[in-house]
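Thank you for making time this morning. I would like to walk you through one structure, going from its overall layout to a few individual contacts.

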Amino acid sequence: MVARKTISFLIASLSLFLTTSHSHAGIGWTLAQLEQQYGKPVLNQERIAGRVGYVFRGEDYNIAAFFRNRQVSRIMYVCHDGSVFDWARARALLSANAPDAIWADAFKNEADNSYRVSGTKDGVETYFASLTDNGTALVIWTKEDDEAARTSPKLDTPPLSNVMGSKDEITAGQAPSID
């Protein structure tokens, strides 16, 4: 009985891993790695919230990647086609983006009505993530990105829908700060 449950769990975990591993970008990736995975960006080298960012169309969601020192330091996944992230899918993306992190339990952030979680590496808080209350967007970022965002001037930016589109389309324009 225990062996059957273990095998079922392993098969489900492997299926989730294989699904996620083919449809994620990664913290620390370069633009070349993103283009190899997703093709050319649909929104190219915009100054988005004070950062250089590119938007790609993934199979299940749109991906906005923000760069520091030529590597992805913040990544946003936005569901399309009415889909949402459940915690299993969000956790799989957290693990895929920061495989060296140990992710804490999520807590509700009442200020922006999201769920937040932090990830540690070697006992040091190194990563952060936020899942919207409605499950349509997941943002993952590094501590360095967070600190840089705090010291750089904030831009007056329009709503997220101007960048990611309200449905499946992606439109040009500056994205909001995702801090």
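How many helices and strands does the secondary structure of the chain come to? The chain has five helices and nine strands, where helices (H or I, at least four residues) and strands (E, at least two) are DSSP runs, numbered from the N terminus. Before going further, please keep in mind that this is a predicted model, in which local features need pLDDT of at least 70 and side-chain atom pairs count only at pLDDT 80 or more, while totals for chains, interfaces and linings use all residues. Residues are numbered from 1 along each chain as its sequence is written, and side-chain values use heavy atoms, with hydrogens and water left out.

Read along the sequence, the elements follow the pattern α-α-β-β-β-β-α-β-β-β-β-β-α-α. Of the 179 residues of the chain, 41% count as buried; buried means under 20% relative accessible area, exposed means over 50%, and partly exposed is in between, with a 1.4 Å probe and protein chains only. The chain exposes about 9,900 Å², of which carbon and sulfur atoms supply 54%, and these accessible areas come from the Shrake-Rupley method with a 1.4 Å probe, where for residues only the protein chains shown count as cover. As for contacts, meaning heavy atoms within 4.5 Å, 43% of those between residues at least 6 apart in sequence join residues at least 24 apart.

Next comes the interior. A nonpolar core is a set of buried Ala, Val, Leu, Ile, Met, Phe, Trp, Tyr and Cys residues joined through side-chain atoms within 4.5 Å. In the largest one, which has 28 residues, Leu34, Tyr77, Trp103 and Ile140 touch the most other members. The elements giving two or more residues to this core are α2 (31-38), β2 (51-57), β3 (61-68), β4, α3, β8 and β9. Apart from it lies another core, of 10 residues, among them Leu43, Val55, Met76 and Ala137. If we leave out residues up to four places away in sequence, the contacts of Trp103 include Leu94, Val117, Phe128 and Ile140.

Arg89, at 19% relative accessibility, counts as buried, and its contacts beyond four places in sequence are Asp60, Tyr61, Ser83 and Val84.

Finally, which pairs are held by charge? The structure holds six salt bridges, a salt bridge being a side-chain nitrogen of Lys or Arg within 4 Å of a carboxyl oxygen of Asp or Glu. In one of them Asp145 partners Arg74, with the closest N and O atoms 2.5 Å apart. That pair links distant parts of the chain, since Asp145 is in helix α4 (residues 143-151) and Arg74 in strand β4 (residues 71-79), 71 residues apart, and both Asp145 and Arg74 are buried.

Another joins Lys121 to Asp100, the closest N and O atoms being 3.1 Å apart. Lys121 lies in strand β7 (residues 114-121) and Asp100 in the loop between α3 (87-97) and β5 (102-103), so this pair ties together parts that are 21 residues apart in sequence. Lys121 is partly exposed, with a relative accessible area of 34%, and Asp100 is partly exposed too, at 35%.
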